[in-house]
Amino acid sequence: MKETIPYKIFLAEDEMPTHYYNVRADMERKPAPLLNPATMQPMTAEELEHVFCRDLVEQELDDTTRYIPIPQEIRDFYRMYRPAPLVRAYELERRLGTPAHIYYKFEGNNTSGSHKLNSAIAQAYYAKKQGLKGVTTETGAGQWGTALSMACGYLGLDCRVYMVKVSYEQKPFRREVMRTYGASVTPSPSTTTEVGRRILAEHPNTTGSLGCAISEAVEDAVSREGYRYVLGSVLNQVLLHQSIIGLETKTAMDRYGIKPDIIIGCAGGGSNLGGLIAPFVGAQLRGEAKYRFIAVEPASCPSLTRGSYVYDFADTGKVCPLAKMYTLGSGFIPSANHAGGLRYHGMSPIVSELYDQGIIEARSVEQTSVFEAAEYFARIEGILPAPESSHAIRVAIDEAIRCRETGEAKNILFGLTGTGYFDLVAYEKFNNGEMTDFIPTDEDIAASLAKLPKQ
């Protein structure tokens, strides 16, 4: 060990990454390409540019360039809240009585309250560079919509957000932050789009899903001159931008000679998990080190642990390309009792491919145990974590307890993706004893998977 490890490890400004890391360049078996649902052929750049920004399409399709430069304008914005701290959870270790060392990378030190801003500013920058008027998007719990509204407000772009209806109703303060930054926010499914009206006709009492909101945002973008659609997770380009999390983390740990044995991240669409683990996965793929990676998902939306690895629509309205991913079916809608933002029916093609190859493992956890871990962590470490982040906290605590039982002094690293101050309705339900665990039955999942497109 080079020197005493402080409570918080901060990188110097000149240590902030200058390039994003593209893990696909080190993957021998690449993620499968997006398919045009009409032709079932790989999507071309020209086809994708009808929906996405030109430079982002280039990043989406690049499977070979290992390091991609971060434009100076984006790096200047990052300096407002990056580098983010890597924290040693000394008190949590003491309370658990574990020989394990627990570290977390804290991404909540910005107004949006999460890691989502890392990709939001990048995508807004490329939209501005292209001369667009604005962008459309979806948001589940609201972190991505908040981050994108901040980025668009900073760059003077119009921002149109379709927010999953149950979150729109449960999180009015998150909604108002978006509006404060200049975004328009519409509950999804809505009556303002054709696909929204169709979904409401088929499911009049639906509480919505990310798949529904994606469909509406895409329809809005392609029908509006000077607009493009942007996405906060799942896509290769998003995981590329989020690699800044893992790059900073690895630099900080390398400085003190720390090698994480277990790396844990919550998994909904895969952006934060993929970003955190990317440089460590790359090192493992190149034969430089060996790690254990754990993706943690909610038991109420278990795409990795109970889904199928097949081509599926990325959205409920079936207007987006087909992606090969672990999926529960594009029509799957999580229970309204589900309190976190990990509501997507599928998983990032990169994360899905790594999981299929056995490079990462997956675990599903029930939400009452997640909130138990969240409150325990908040009382000890002083940060109120987002429900999404608390999935990783739950498993980090479980692994630390396992180390206590075996006597192994492992280094455990997890991603603390954001704060939970806009999630107090969920905390209230938990504190009042009103929160329950919902786990879809095998029949529920089979019915949804039965509607997959013909392979």
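The model is predicted. Helix 6 spans residues 143-155, and 11 of its 13 residues are buried. The largest nonpolar core holds 74 residues, and 15 aromatic pairs are found in the whole structure.

**Helix 6**
- From first C-alpha to last, helix 6 reaches 19 Å, close to the 18 Å expected at 1.5 Å a residue.
- Its buried residues include Gln 143, Trp 144, Met 150, Cys 152 and Leu 155.
- These buried residues pack against helix 5 (117-129), helix 8 (172-180) and helix 16 (387-406), as well as strand 6 (134-139) and strand 7 (158-164).
- Gly 156 follows helix 6 and has a positive phi, near 75 degrees.

**Nonpolar cores**
- Within the largest core, the residues with the most contacts are Ile 74, Tyr 78 and Phe 293.
- Helix 5 supplies the largest share of this core, 8 residues.
- Leaving aside neighbours within four places in sequence, Ile 74 is in contact with Tyr 20, Ile 121, Ala 122, Tyr 125 and Tyr 126.
- Another core, of 35 residues, lies apart from the largest one; Ala 89, Phe 371, Ala 373 and Ile 393 are among its members.

**Aromatic rings**
- The ring centres of Tyr 78 and Tyr 81 are 6.2 Å apart and the planes are at 90 degrees, so this pair is edge-to-face.
- Tyr 78 and Tyr 81 are both buried.
- Phe 77, Tyr 78, Tyr 81 and Tyr 154 form a cluster linked by ring pairs.

**Charges over rings**
- Arg 175 lies over the face of Tyr 168, 4.5 Å from the ring centre.
- The charged end of Arg 224 sits over the ring of Tyr 227, at 5.8 Å from its centre.

How values were computed. Residues numbered from 1 in each chain as written. Predicted model: local features only at pLDDT ≥ 70, side-chain atom pairs only at ≥ 80, totals over all residues. Heavy atoms only, no water. Helix = DSSP H or I, 4+ residues; strand = E, 2+ residues; numbered from the N terminus. Expected span 1.5 Å × (residues − 1). Buried < 20%, exposed > 50% of the residue type's maximum accessible area, 1.4 Å probe, protein only. Contact = heavy atoms within 4.5 Å. Core = buried A, V, L, I, M, F, W, Y, C linked by side-chain atoms within 4.5 Å. Phe/Tyr/Trp six-rings, centres within 6.5 Å; stacked < 30°, edge-to-face > 60°. Lys NZ or Arg CZ within 6 Å of the ring centre and 35° of its normal.
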